[in-house]
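Subject: Structure handover and findings

Hello,

Please find the structure below. My notes on it follow, in the order in which I would read them.

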Amino acid sequence: MGEAKRRKNAIAIGPCRCGSGIAAGECCFRTGRWFCQPSLVNLRDGRHVGSVDGCYFSALNSCGEITSREHLVSRAVLNVLNPSMIVVSGLPWIAKGEERRIGSSSLVSKCLCKAHNSALSPLDQVGGKFFAAMKAGFLNEENVAQHWLFSGHDIERWMLKTLAAMANSESLQMSGERLSAKFHPTINLPDQIQDVGSWKPKVGLYCNHVVGDRIENINNISMWPLTNEGMEIIGIAMKIQGLELTLLAGDVDGLLRDGKPLGYRPGHFHFDHRGVVSAIDLSWRDANPHSTLIISAN
């Protein structure tokens with residue numbers, strides 16, 4: 001048996017990088033390469049019929065029970081930052097350029113019925129695990145190489161879910177004014193959250209960092225909406241733990257930074273601790289090249 005085949009066999013019987021607890025060869029390493037399948041999200045569950053006032057998916061006629069108090073930013077993500085207190089900016093009741101410490105339980109709103117809130121829970125779980133991995137990659141307290149694997153489509157959909165919750169609870173602002181939940185007509189929230197194949201080219205996740213940027217790991221969160229001239233929402237920019245990510249949700253021109261395109265659908269985040277490199281890999285169902293961001297975590 002050749003060395004390459006022995007290595008693949010060793011990987012296949014080891015734990016999967018997605019954290020499922022299943023052997024890699026029975027999970028995300030089935031074809032001899034790593035690929036994490038997107039989470040299944042079913043917003044049109046036939047067990048529920050009807051609409052609930054206040055649920056932003058009420059038009060699907062698949063609501064169940066009353067609206068529930070939902071964290072605008074997933075509780076799993078807030079727990080990574082700080083279970084009780086976080087630093088936030090970019091919200092309508094916080095002056096531009098200012099930060100404020102608030103209790104994590106304050107970022108809630110009734111904008112989903114219980115059925116749709118439950119349907120979106122897989123994305124909440126992935127969001128929490130992704131930022132937990134990001135934090136572990138930054139800190140690397142054990143000084144050993146670690147490896148994590150996620151579906152990039154899940155990160156996109158988690159950001160879109162967060163954007164929908166923020167917009168429908170009127171928790172977004174532009175130039176000091178609260179924004180209404182007026183989305184660009186090319187954004188179809190139900191389809192894009194449920195079906196990763198519905199996302200058009202250039203629509204999706206962008207990484208705001210380029211080679212040479214210094215990223216400082218800090219436990220805070222900032223968010224800014226992206227709008228067009230008609231004040232229609234086209235996406236959201238986030239800064240979580242010092243990492244800046246942008247979601248372009250509508251079918252409009254790609255975003256630019258200093259005249260250069262931002263990194264569309266990054267594939268790898270590498271954390272370099274004095275030569276010990278840990279990595280977060282993102283899987284994508286497309287044929288595009290996916291860049292690597294090297295983060296100096298010394």
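One of the helices is α3, residues 114-119, and His116 sits in it.

Please keep in mind that this is a predicted model. The mean pLDDT of the protein is 83, and 83% of the residues reach 70 or more. The stretch 256-261 has a pLDDT below 50, and it makes 8 contacts in the model beyond near neighbours in sequence.

Overall picture

The protein has 298 residues, of which 50% count as buried. Among contacts with a separation of 6 or more, 67% are between residues 24 or more positions apart.

Is His116 buried or exposed? His116 has a relative accessible area of 1%, and the limit for buried is under 20%, so His116 is buried. Leaving aside residues up to four places away in sequence, His116 touches Leu43, Cys55, Phe57, Leu60, Ser62 and Cys63.

Arg157 belongs to helix α5, residues 152-168. Arg157 counts as buried because its relative accessibility is 1%. Which residues does Arg157 touch, not counting those up to four places away in sequence? They are Pro38, Ser39, Val41, Leu123, Gln192, Ile193, Gln194, Val196 and Trp199. For one of these, Gln192, there is also a distance: the C-alpha atoms of Arg157 and Gln192 are separated by 7.4 Å, while the two residues are 35 residues apart along the chain.

The largest pocket

The largest pocket has a volume of about 400 Å³. It is lined by 21 residues, and those closest to its centre are Cys18, Cys28, Cys36, Gln37 and Ser39. Ser39 is also one of the residues that Arg157 touches.

Which elements each supply at least two residues of the lining of the largest pocket? They are α4, residues 121-139, and β5, residues 147-151. The largest share comes from α4, with 4 residues. Sorted by class, the lining of the largest pocket has 12 nonpolar, 5 polar and 4 charged residues.

Strand pairing

β5 is mostly covered, with 4 of its 5 residues buried. β5 pairs with β16, residues 276-283, in the parallel sense over 5 bridges. As an example of a bridge, Ser151 has Ser283 in β16 as its partner.

β8 and β11, residues 243-248, run antiparallel and are joined by 4 bridges. Cys207 takes part in both pairings: it stands opposite Leu245 in β11 and opposite Gly263 in β14.

Loops

Most residues other than glycine have a negative phi, and most peptide bonds are trans.

Asn61 is not a glycine, yet its phi is positive, near 60°. Asn61 is found in the loop between α1, residues 3-13, and β1, residues 67-71. Asn61 has a relative accessible area of 41%, so it is partly exposed.

Met231 is not a glycine either, and it has a positive phi of about 60°. Met231 lies in the loop between β9, residues 220-227, and β10, residues 233-240. Met231 counts as partly exposed because its relative accessibility is 35%.

Gly14 lies in the loop between α1 and β1. Is Gly14 buried or exposed? Its relative accessibility is 16%, so Gly14 counts as buried. Gly14 touches Ile22, Ala23 and Ala24, not counting residues up to four places away in sequence. The C-alpha atoms of Gly14 and Gly25, which are 11 residues apart along the chain, are separated by 7.9 Å.

Regards

How values were computed:
Residues are numbered from 1 along each chain as its sequence is written. This is a predicted model: local features need pLDDT of at least 70, side-chain atom pairs count only at pLDDT 80 or more; totals for chains, interfaces and linings use all residues. Side-chain values use heavy atoms; hydrogens and water are left out. pLDDT is the predictor's confidence in each residue, from 0 to 100. Contact means heavy atoms within 4.5 Å. Buried means under 20% relative accessible area, exposed over 50%, partly exposed in between (1.4 Å probe, protein chains only). On a 1 Å grid over the protein atoms alone, a cavity is a set of points where a 1.4 Å probe fits but cannot get out, and a pocket is an open set with protein on both sides within 12 Å along at least five of seven lines; lining residues have an atom within 4 Å of a point. Grid points are joined across faces, edges and corners, and a volume is the space filled by probe spheres set on the points. Ala, Val, Leu, Ile, Met, Phe, Trp, Tyr, Cys and Pro count as nonpolar, Asp, Glu, Lys and Arg as charged, and the others, Gly among them, as polar. Two strands pair if DSSP finds at least two bridges between them.
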